[in-house]
Amino acid sequence: MSAATTRSRTARTPAPDRLCAEAVDLARAAAEEAAAPGVVGEHVGLVSEGDRVVTHFFECREPGYRGWRWAVTVARASRAKNVTLDETVLLPGSDALLAPEWVPWSERLRPGDMGPGDLLPTEADDLRLEPGYTGEDEPPPSSAVSEVSQEMADLVDAEDAELTTRPATTSRGSIAAVAEELGMRRARVLSRYGLHTAADRWDEGFGAKTPMAQAAPASCVTCAFLVPLAGSLKQAFGVCANEFGPADGHVVSLSYGCGGHSEAAVMPKPPKPAPHALDTMQVDEYPLRPARDSGSVPAEPDAPTEDLGHS
């Protein structure tokens with residue numbers, strides 16, 4: 001007999017033990033004891049687990065457990081006729097209704113999931129954050145990159161230089177103390193990685209590759225409704241302040257654009273009507289009799305004419 005044939009016979013599943021296979025009633029009683037009354041269904045099969053070890057399967061009628069089966073394992077000792085109970089469990093079948101795989105909350109969280117009163121913790125080693133300025137990142141005075149050391153090195157390299165006094169150094173904690181008094185100190189700030197991830201996320205939502213920007217007449221960099229950001233992000237992003245725009249109140253890329261651009265379609269001013277040639281709104285007063293000095297003939301009689309000697 002070859003070695004391959006021996007291995008195949010050894011690895012194959014043994015035939016079910018006859019006494020253990022016939023212990024269906026014992027297995028059903030164990031399943032009914034573990035389950036609620038009336039939820040253990042018909043016997044659906046059995047599997048040989050080894051020498052004199054058999055698992056019986058029963059249909060589960062529990063609501064919400066479609067496709068699950070009660071599995072009862074029985075066994076007997078060598079040369080013994082009594083079958084004993086090993087364990088009873090509820091196992092899913094091939095078409096069982098299973099709960100989705102558990103995912104940590106940090107991976108399930110999506111934008112907009114937070115509500116009033118919710119707290120979103122951040123890890124101490126969050127890659128998006130880095131410690132704020134506390135003076136710890138200031139190089140020591142003896143460091144090779146320190147400005148004080150560089151100044152001292154320049155003095156030593158100078159010809160005939162005499163170093164009499166050590167340059168004054170700034171206390172490493174003084175700047176942080178002043179910043180804290182002014183309310184400008186934060187324990188952690190955005191790291192370079194955090195800035196890049198935020199920029200990628202904003203550019204994906206309101207960037208140059210969006211359909212709105214592709215059809216826009218102009219970009220946001222020339223729009224009057226753009227409110228620039230502070231810091232390094234102001235070179236690429238701003239906040240839209242157009243209440244009728246699709247990105248109102250959102251951070252937009254300077255290359256983004258929409259139809260609400262302030263200079264894309266400026267409405268012309270309404271034409272001012274020309275003044276009337278004849279004033280029809282004012283009442284003209286006409287006297288009943290003409291004024292004495294208005295006519296060509298004087299109202300007073302002429303003075304007596306001189307006698308020129310004519311007949």
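A salt bridge is a side-chain nitrogen of Lys or Arg within 4 Å of a carboxyl oxygen of Asp or Glu. The legends below describe a predicted model, in which local features need pLDDT of at least 70 and side-chain atom pairs count only at pLDDT 80 or more, while totals for chains, interfaces and linings use all residues. Residues are numbered from 1 along each chain as its sequence is written, and side-chain values use heavy atoms, with hydrogens and water left out.

**View A. Salt bridge between Asp 17 and Arg 76.** The N to O distance in this pair is 2.9 Å. Asp 17 sits in the loop between helix H1 (3-11) and helix H2 (18-21), and Arg 76 in the loop between strand S3 (68-75) and strand S4 (84-92), so the contact ties together parts 59 residues apart in sequence. Helices (H or I, at least four residues) and strands (E, at least two) are DSSP runs, numbered from the N terminus. Both Asp 17 and Arg 76 are buried; buried means under 20% relative accessible area, exposed over 50%, and partly exposed in between (1.4 Å probe, protein chains only).

**View B. Salt bridge between Arg 18 and Glu 22.** The closest N and O atoms of the two residues are 3.6 Å apart. Arg 18 counts as exposed because its relative accessibility is 55%. Glu 22, at 52%, is exposed as well.

**View C. Salt bridge between Arg 128 and Asp 126.** Here the N to O distance is 2.8 Å. Arg 128 is partly exposed, with 41% relative accessible area, whereas Asp 126 is buried at 14%. A search of the whole structure gives 4 salt bridges.

**View D. Aromatic pair of Tyr 65 and Trp 68.** The structure holds 3 aromatic pairs. Rings of Phe, Tyr and Trp (its six-membered ring) pair if their centres lie within 6.5 Å; planes under 30 degrees apart count as stacked, over 60 as edge-to-face and the rest as tilted. Tyr 65 and Trp 68 are edge-to-face, at 5.4 Å centre to centre with 80° between the planes. Tyr 65 is partly exposed at 35% relative accessibility, and Trp 68 is buried at 17%.

**View E. Aromatic pair of Phe 206 and Tyr 256.** The ring centres are 5.6 Å apart and the planes stand at 90°, so this pair is edge-to-face. Phe 206 lies in the loop between helix H7 (192-205) and helix H8 (211-214), and Tyr 256 in the segment after strand S9 (251-253), so the pair ties together parts 50 residues apart in sequence. Phe 206 and Tyr 256 are both buried.
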